[in-house]
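Reader: Could you walk me through this structure, starting with the overall picture and then going residue by residue?

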Amino acid sequence: MAASSARPISEPHAHPTTTLADGLGVRLDHGLADDDVAARQASHGPNRLPEAPPRPLWLRLLDPFRDVIVVVLLAAALISGAIGEVADTVAILVIVLLNAGIGLWQEWQADRALQALGRRAAPQATVRRAGGQLRQVASEDLVPGDVVLLEAGQRVPADLRLHQVARLKVDESALTGESVTVEKTTAALPEGEPALGDRHNMAWQGTLVTHGHAEGLVVATGRHTELGRVAALLQRTERRLTPLQQRLAAFGRRIAWVVLAICTLVFALGVLRGEPVLGMALTAISLAVAAIPEALPAVVTVLLALGARRLVAVHALVRRLPSVETLGSVTVICSDKTGTLTQNRMQLRTHAVFVPEPVALWTAAVLCNDARAGGSGWVGDPTETALLQAAEAAGVEVAAHQAAAPRRHEWPFDAERKRMATLHDAPSGGWVLWVKGAPETVLPRCRLAGDDPGALALAQSTSDAWAAEGLRVLALARRHVDDLSRATAWDADQAEQALELVGLVGLMDPPRPEARAAVAECRAAGIRPVMITGDHPATALAIARELGIVAHTGGGRVVTGPELAGLDDTALAATVREVAVYARTDPAQKIRIVQALQAQGQFVAMTGDGVNDAPALRQADIGVAMGLGGTDVAREAASLVLLDDHFATIVGAVREGRRIFDNIRKFVRYALTGNSGEIWVLFLAPLVGLPMPLAPLHILWVNLVTDGLPGLALATEPAEGGVMRRPPRAPDESVLAGGLWQHTLWVGLLMGGLCLALQAWALHGDPGSTARAQTLVFTTLTFAQMAHLLAIRSEHDPLWRGLGGNPPLLAAVGLTVVLQLAVVYLPALQAVFRTEALAPLDLALSVGAAAAVALAVEAEKAWRRRGAAAR
C-alpha cells in the first residue's frame with residue numbers, strides 16, 4: 001500500500017483505518033502536506049473519470065457511406081447524371097446526404113455519454129491538509145491519502161474508507177440499486193468481496209450523503225473508483241447494429257446483384273431482338289435506376305422520425321432513430337427495479353397495533369423521527385418521511401403532535417443497535433421514551449405488548465412473515481419515565497429496557513401503479529420481462545410477484561450477485577433461460593446477463609435510471625432510461641428516454657416500434673412489387689414479340705411519382721389490429737419474410753402481364769400506334785401501382801375497412817393520378833414525354849386493369865385470413 005503506487009488499495013473495507021493511513025503515509029488528524037499532494041497528483045493523475053478519445057470527424061462522415069444500399073444509390077446517381085437525368089441525380093444525392101447528416105448527429109449525441117458520466121463526480125470537496133487545516137478544493141485534485149469531510153447533501157468526491165461517522169446515511173441507489181439509504185459505520189469488515197451495498201464502512205464516489213456527517217480516507221480516485229470502473233465498462237462496450245440496419249444491409253446487397261443481373265439480361269435480349277444498342281443501353285440504365293428503391297432510406301428515416309415524434313407525445317424521447325424500430329424486435333426486457341418498476345420512495349404497506357390506543361403507533365412514528373418539513377413535503381431519510389406521510393394519511397396532525405410533546409433527549413440510531421430512541425413530554429404528565437428499530441433488536445427488549453401475553457410471539461411471527469414478503473419491518477415501542485434527570489443520564493442500553501411494544505410497520509419501495517398492466521401487456525406481446533437489481537433478494541422477489549414478472553404463488557427463483565459470480569458461461573446460459581429475477585448484482589454482472597441473453601439470439605432492452613445501469617444500457621440492443629428520476633449517465637447512454645419515468649411508456653414504444661416495422665415492410669412490398677412490374681414488362685415484351693413498351697423517360701417518371709409521396713405517406717399508416725397480441729419477430733427475420741418476396745413476384749407479374757396485354761390489344765388494332773400503346777402501358781403501370789398501394793395498407797384487413805384512416809396517403813394517391821393524367825392529356829407535357837391522349841375506352845381499360853390488381857391482392861389477403869383462422 002505504498003503512497004506512490006497508482007494501483008488501488010486491495011480490500012480497504014477489510015483493514016483498520018489506522019493501518020490504511022500508515023500505508024498511505026498520512027496522519028488522519030493532520031492530512032497530507034502540500035508537497036505530498038503535488039507528488040501524488042503527478043503520480044496518480046487527476047481524480048477524473050476515464051474519457052474515450054473522440055472519433056475523428058472524417059470517420060464519422062464516412063460511416064453512412066459504408067452501407068451497401070447507399071453505395072448503390074450513389075452509383076445510380078452517377079448513371080442518372082450520365083444519361084442527362086439531372087433532377088433524378090440531385091434527388092438521390094439529397095436523400096443520401098440527408099441520411100449522412102442525421103447519422104452524424106446521432107453519433108455526436110452518443111459520444112456525450114462519457115461527458116455526462118464525468119459530471120456525476122462532486123465538483124468540490126472539503127479536505128484536511130497541511131497540519132489539520134480545512135480547505136475547499138476541486139474534487140479532481142484529490143489524491144489517495146487525502147482526508148475528506150462529508151456533510152449531508154454532498155456528493156462523495158472519491159472512494160473513501162470512513163474513520164469517523166455521526167449518524168451518516170448515504171443514498172447509493174444510483175450506484176447499487178438499493179432504494180433504502182445505507183447507515184455507515186467505521187469498523188473493519190471481514191476479508192472478501194461483499195456486494196458494494198454491504199460495505200458499510202465505505203463511501204463511494206458519486207453517491208449522495210442524505211444524513212449526518214463523517215470523515216473518510218481517500219483510497220481510490222479517478223478510474224480506480226467504483227464509479228470509474230463503471231465508466232470503463234461503458235467505454236469498452238460497443239453498440240450492435242439494430243435489426244433494421246442488419247436487414248437493410250442484407251437487402252441492399254441482394255438487390256444490387258439482382259438488379260445488375262436483370263438489367264444485363266434485358267439489355268442482351270433487346271440487342272438480340274434487333275433494338276438499337278444505344279437505346280437498349282439507356283433502357284437498361286433507366287431500369288437499373290428504377291429497380292433500386294432509392295426512396296427506402298428516406299422512407300425509413302421519415303418513418304422513424306414520425307415515430308419519434310409520436311413517442312414524444314407519450315413522454316418518450318428517442319436519441320437514436322433506428323432504436324424505435326428495435327423495440328419492435330425486443331424479446332426480453334431487462335429492467336432495473338428501483339426507480340423503474342418501483343417509485344424509488346419508501347411507503348407504508350401495512351401495520352399492526354398491539355396496544356389499546358391505535359393512535360399510539362402514529363405518535364411513535366411522528367415523535368421518534370428526525371425528518372422535517374421542507375418545501376412541499378418532508379425532508380430526511382426516506383423511511384422516516386414515509387412514516388410521517390403515513391401518519392398524515394391516518395389523520396394525525398404531525399406538527400401539532402410534535403409541538404405538544406417536545407423532545408427532551410435522544411439516543412441516535414446506529415448500525416450496531418439498529419434502533420433509535422427519543423424522550424418526550426407526555427400530555428398526561430411525566431415523560432415517554434419512544435423507540436423505533438429493527439424487530440430483532442426491539443422485540444427482545446419488550447416485556448409486554450398491551451394486555452395480551454401472547455402478543456409478543458404474534459408480533460415476532462408477523463415480523464418474520466412481512467420480512468419474507470420483502471417488506472422492511474420496523475418495531476415501535478415505548479417506556480414511561482418518572483424521573484427526567486435520571487433518564488437523560490442513561491446510556492442507550494439502559495434507556496431501551498423494559499419496553500412495551502406499540503406496533504409494527506412494514507414499508508416497501510412500492511411498484512409504480514401502471515407497471516403491473518405494462519408487464520402483463522408485454523407478456524401478451526410475447527416479451528419476457530426480467531428484473532435485474534442491486535436490492536435485497538426477498539424485496540426483489542416480492543416486487544416481481546406483485547408485478548407478475550414471476551408467479552404470485554410459489555416458484556420464482558432469485559439469483560444473487562455472488563451466485564452469478566460462481567457461474568461459468570455454460571451455467572449462466574442455462575440460468576438466463578429460466579430465471580427472471582436477479583438481486584445484489586453489480587454493473588459488470590448486468591452486462592454479463594445481457595450478453596448471455598444476446599448470445600441465445602434474444603434482442604434485449606435494458607431499462608434503468610442509475611449510474612450502475614449505464615454500461616448495460618449501452619450493451620443492450622436498446623437502452624431505455626428514466627428521464628425524471630434517472631441520472632445523466634443513464635439518459636446519455638440510452639437510446640430511448642422515458643420523460644415521465646413510467647414503465648408503461650415502454651409498452652407504447654414497443655407498439656410504435658412494431659407499427660413502424662410493419663409500415664417499412666409495407667413500403668418494401670409496395671416499392672419492390674412496382675419495380676417488379678416494370679421489370680416484367682421490359683423483360684417479357686421482347687420474348688413475346690412486342691416492341692419496347694416503355695421509353696426510358698417513362699420508367700423514370702413512374703419511379704418518381706410512385707416511389708415519392710405515395711410511398712412516404714405509408715409512414716402515417718396506423719397500427720394493425722392485434723399488433724400487441726403477436727409474438728416478436730425473430731431477430732434474424734428477413735425484411736422479405738412472411739411471403740413478401742412471393743407477393744412481389746406474382747403481383748409484379750400480374751401487373752406486367754396486364755400491361756403487355758393492353759399493349760398487344762392497342763397494336764393489334766393499329767400496328768403503327770406505338771405512342772398510343774406506350775402511353776397505355778405507361779398509364780396502366782402507374783394506376784396499377786396506386787391500386788396496389790391502397791390494397792396493401794393492411795396485410796390482413798380488406799381495402800374498404802378503414803379506407804379513410806390515412807388521409808395523407810389518399811391525398812398522395814390522388815395527386816399521383818392527377819399528375820399522370822396531366823402527362824397524358826396536357827399538350828406541353830405530351831411533347832416532353834412523347835405521350836398521346838387516351839380515348840375513354842383506353843382509359844377505362846387502364847383503370848380496369850388497376851382494379852384487377854387490387855382485387856387479386858384482396859383475394860390473397862382473404863386466403864391468408866382463412867389460413868390464420870384454421871390454425
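Author: What follows goes from the whole chain to a few local features, and the model is a predicted one.

Reader: Let's turn to aromatics; how many aromatic pairs does a search of the whole structure find?

Author: The search of the whole structure gives 1 aromatic pair. It is formed by Trp-680 and Phe-683, whose ring centres are 6.3 Å apart and whose planes make an angle of 65 degrees, so the pair is edge-to-face, the cut-off for that class being over 60 degrees.

Reader: Where do Trp-680 and Phe-683 sit relative to each other in the helix?

Author: Both belong to helix 28, which covers residues 648–687, and because they are 3 residues apart there, about one helical turn separates them.

Reader: What lies over the face of Phe-413?

Author: That is Lys-169, which is placed over the ring face at 5.4 Å from the ring centre.

Reader: Back to helix 28 for a moment: at what angle do its axis and that of helix 21 cross?

Author: The axis of helix 21 (residues 515–524) crosses that of helix 28 at roughly 30 degrees, and the two axes come within 8 Å. The two helices are therefore roughly parallel to each other, given that angles under 35 degrees fall in that class.

Reader: Which residues make that contact?

Author: On the side of helix 21 the contact is made by Ala-518, Glu-521 and Cys-522, and on the side of helix 28 by Ala-648, Val-651 and Arg-655. By type, the residues of this contact between helix 21 and helix 28 come to 4 nonpolar and 2 charged, with no polar ones.

Reader: New topic, then: is Val-576 buried or exposed?

Author: Val-576 counts as buried, because its relative accessibility is 1%. The residue lies in helix 24, which spans residues 569–578.

Reader: Which residues does Val-576 touch, not counting those up to four places away in sequence?

Author: With those sequence neighbours set aside, Val-576 touches Arg-528, Tyr-582, Ile-593, Ala-596, Leu-597 and Gln-600. As a distance to note, the C-alpha atoms of Val-576 and Val-559 are 9.8 Å apart in space, while the two residues are 17 residues apart in sequence.

Reader: And what about Thr-575, which residues is it in contact with?

Author: Leaving out neighbours within four places in sequence, Thr-575 is in contact with Val-559, Leu-567 and Tyr-582. Thr-575 is also found in helix 24, and with a relative accessible area of 6% it is buried.

Reader: How about Thr-816, where is that one found?

Author: Thr-816 is part of helix 33, residues 807–825, and it is buried, its relative accessible area being 3%. Beyond four places in sequence, Thr-816 touches Val-705, Pro-710, Thr-782 and Met-786. For Met-786, which is 30 residues away from Thr-816 along the chain, the separation of the C-alpha atoms is 8.1 Å.

Reader: And Glu-860, is that charged residue buried or exposed?

Author: Glu-860 is buried, with a relative accessible area of 15%. Its place is in helix 35, residues 840–870, and, again not counting residues up to four places away in sequence, Glu-860 touches His-743 and Trp-746.

Reader: Last, the backbone: what is phi of Ala-130?

Author: For Ala-130 phi is near 50 degrees, a positive value in a residue other than glycine. I mention this because most residues other than glycine have a negative phi. Ala-130 sits in the loop between strand 1 (124–129) and strand 2 (133–138), and at 25% relative accessibility it counts as partly exposed.

Reader: Then where is Arg-167 found?

Author: Arg-167 is found in strand 4, residues 159–171. Phi of Arg-167 is near 55 degrees, again positive in a residue other than glycine, and with a relative accessible area of 28% Arg-167 is partly exposed.

Terms used
Residues numbered from 1 in each chain as written. Predicted model: local features only at pLDDT ≥ 70, side-chain atom pairs only at ≥ 80, totals over all residues. Heavy atoms only, no water. Helix = DSSP H or I, 4+ residues; strand = E, 2+ residues; numbered from the N terminus. Buried < 20%, exposed > 50% of the residue type's maximum accessible area, 1.4 Å probe, protein only. Contact = heavy atoms within 4.5 Å. Phe/Tyr/Trp six-rings, centres within 6.5 Å; stacked < 30°, edge-to-face > 60°. Lys NZ or Arg CZ within 6 Å of the ring centre and 35° of its normal. Axes fitted to C-alpha atoms, helices over the stretch in contact; angles between N-to-C directions. Parallel < 35°, antiparallel > 145°, perpendicular 65-115°, else oblique. Nonpolar A, V, L, I, M, F, W, Y, C, P; charged D, E, K, R; others polar.
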